[in-house]
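Keep the viewer open as you read.

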Amino acid sequence: MLGTLLIGFFVAVLVVQAYINAEFKNDHVQTEVGDQAGVPAAIRAGGPIINTTGGQESTSRLPDRTIALTFDDGPDPTWTPKILKVLRDNDAHGTFFLVGSQVARHPELTKQIVDGGNELGLHTFTHPNMQRLAPWRRELELSQNQVAIARATGVRTNLARFPYSSKNAAIDEVNWKLVKEAGKLGYLVVVNDKDSEDWKRPGAERIIENATPAGTDSAVILFHDAGGERSQTVAALAEFIPKMKARGYRFTTVTEGLNLSIAEQAANAGKDRAESTEAISPLPLNPDAPKHDEWRGLALIWTVRLADGLVLAVATLFVVVGALTIGRTALLLLLATRHARQRRRPDWRWGPPVTEPVSVIVPAYNEKEGIEAAVRSLACGDYPHIEVVVVDDGSTDGTADLVDRMGLPNVRVVRVPNGGKPNALNTGVALARHDLIVTVDGDTIFEDDSIRRLVQPFADPSVGAVAGNVKVGNRSSMVALWQHIEYVIGFNLDRRLYEMMNCMPTVPGAIGAFRREALAEVGGVSDETLAEDTDVTMALCRAGWRVVYEENAKAWTEAPTTLEQLYRQRYRWSYGTMQAMWKHRRSILESGASGRFGRVGLPFLALFGVALPMLAPVVDIMLIYGLVFWELSETMVAWLGMLALQMFTAAVAFRFDKESLGPLLRLPLQQFAYRQLMYLVLLQSATTALTGGRLRWHKLNRAGLVARSSPDPIGPGGTVAPAVDTWPPVGPDIKPTRRTPTGRAVAPPAVPPRSVPFQVTSHRTGSHQAASHRSGSPQAGPHQAGPHQGVPAQAGPYDDFASELPSAGSPPAGGSGPVRAG
């Protein structure tokens, strides 16, 4: 709802902005003079002041040797003050036909015009061609201008001049209709006797020549105080006014000159008059405006200011977003390219090959569709020592039973009450027998060599965690294909950048590896945020551990296939990331590794992970605005330039990941559809974060990447990964040892015992056994040996050391994770 309201608000603002700037292309184009048969001859040959009020049809001229200087299109903050100064210096006044939108923008300047003894007239609100407008819009153009003047100056006017009008002789039937409409509204329509043509900027001398009346003729002369560079107008006026005064001319406003003409005609009442003016009585100069017009004008002025301010802000943000996008792209390509070249050098190694035993933790909640394929891909990998711990988090669909029936000897199932993903992860870590921990989502399939490749960075003792390469396995739908593009560009390419900057924010839950020592140091996986993977990764970075990205360790995950499911997933991710950033905000002020992450990683993530995506809609807003109201070709060139930059970045990312470039053909469509959904996700996430709301572990509907298999395990070489265009994977740089999964863990978990019962499934006996920990039993730290350390894995079933197993949810080293057991 908030997103819809904001979109509606911005659309309204843009329409208002386009309206006040007269950017509706078809309504401010000058038209040719049409048929004049219906225009009275007296009007076409009459004076420049046309009166159709009260049903009459008459014109008036100024007395001889009288000049009324008129100025159109203002007020302008640059040129209007200079023209006012020329008038003031020469003791002359003028009539300023103002554009209402400019009055709303410069009310103080409008007040200066009146305070200087000058007169105001209406030149519509947005300077359109009135012939092209509907009657209601024509009336609105005049009334809006009137109320804007009322608020700015406290006065109103009886004079109006239409844009693109000229002399009486140019009035055709269409314009005559407009003149009569204005008369019904009480306005005198003013044209001109002489056009200075200063808008052509022919030079001051030519302007003076155009404005000079013949002999002693009077004249209403047209100048401009806005609409362009007006230095020639200022110079011409400074010379023209003294010159005409020397010839005996007086300078008046239009109303003053009209009143002089009325008085002169009244004095000659006994003479014939070629022009009838009996109905015209002396008019006040700038009469007071009614109060209700002033209040209406206040609302109008603030509306214009709001529209101008917001569009200026959007335009500024557009420039900022463009600069940030270009800067980020340059940095991304530079560092990501350096990372890729470094990793692909023939002599690149993390160190001696890592062959230590690995414990794989699989938190699972209602994962029946994909759990068998996921577990089999883990248990049957080419790494020599793997144990898989499936933590069933209170599933109601038989997930744990499916794993039980698979009968894989190196797989354990732990059933705990539903307590959320962090609780399930902490339970698995506590039960894991080995110091290298791999975490995997229950819907994810590993390649044969994924675990082996994933743990190789631990040859470097400074590495505390490793992020793997997450791939979208179900790419058949458009929504999933868009996510595939996003994973390759937005996640995997970014991780190269983050590693080079030593501020990796997230080890993905789908494929990540940790040292037990590192997890213990940060207190395990916290349940204080929805993005537990981001939270724990930030904690590791703050603790001084290095977090790296291993591109060759691939995991195939099932992406949401509907917009609703995608929205729910990304909502949790975005909100959780904001929570994690807020949780670790104090690192900005700290020293050491924590301070470095706080002053480099957090600002970078806030700027490019949150702020830039939230500001990105301005690109689409300005695109729509430009397509409708600006130059179509220029707008398209700018947008295509941004798209070309994105396409280039995407092509680099796909090349690094050895992916087919075919999906990039959908990238332009993604800009119009997928990105809009992500905007709403970020908006709702930010709103939820501000209100302090909490969400549970959302469960997405899964179909499974491959069909569930029979309980018989698949041996080495079995197909467990989806068929995609990059399969099989890149050849390994370490020769794998193919094997059939056998054996058990070599030692019971070295964790503090607790007196809370839980259930562990032993695949050797096929039974569920409850264990109750004895209070007061000795504790063993993360690296201390338990009672059965050194006992071969084949020596006995799990119940032999059940007394040493911890309660469900116990985080390593006494972390802050919740303890929920039943």
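How far does helix α7 reach from its first C-alpha to its last? The helix, residues 173–184, has twelve residues and reaches 17 Å, close to the 16 Å expected at 1.5 Å a residue (that expected span is 1.5 Å times one less than the number of residues). Helices here are DSSP runs of H or I with at least four residues, strands are runs of E with at least two, and both are numbered from the N terminus.

Before going further, a word on ground rules. This is a predicted model, so local features need pLDDT of at least 70 and side-chain atom pairs pLDDT 80 or more, while totals for chains, interfaces and linings use all residues. Residues are numbered from 1 along each chain as its sequence is written, and side-chain values use heavy atoms, with hydrogens and water left out.

Back to α7: N175, W176, L178, V179, A182 and G183 are buried there (buried is under 20% relative accessible area, exposed over 50%, partly exposed in between, with a 1.4 Å probe and protein chains only). Looking down the axis of α7, you'll find these buried residues within an arc of 160 degrees, so they line one face of the helix; the arc is taken from the directions from the helix axis to the C-beta atoms. Their cover includes α2 (41–44), β1 (49–51), α6 (135–153) and β7 (188–190), with contact meaning heavy atoms within 4.5 Å.

Now check the ends. At the start of α7, a side-chain oxygen of D172 comes to within 3.3 Å of the backbone nitrogen of V174. After α7 comes G186, with a positive phi near 95 degrees.

Next, a helix pair. The axes of α3 (residues 79–89) and α9 (residues 231–246) come within 10 Å and cross at roughly 5 degrees; α3 and α9 are therefore roughly parallel to each other (angles under 35 degrees count as roughly parallel). On the α3 side, W79, K82, I83, V86 and L87 meet S231, T233, V234, L237, A238 and I241 of α9.

In the loop between α3 and β4 (95–98) sits D91, which is exposed at 62% relative accessible area. D91 and P242 are 151 residues apart in sequence, yet 9.8 Å apart in space, C-alpha to C-alpha.

Zooming out, the chain holds 24 helices and 20 strands, and 56% of its 822 residues are buried.

Technical notes: A polar contact is a pair of N or O atoms within 3.5 Å; within protein, one must be able to donate a hydrogen and the other to accept it, and residues adjacent in sequence count only if both atoms are side-chain atoms. Axes are lines fitted to C-alpha atoms, for helices over the stretch in contact, and angles run from 0 to 180 degrees between N-to-C directions. Angles under 35 degrees count as roughly parallel, over 145 as roughly antiparallel, 65 to 115 as roughly perpendicular and the rest as oblique.
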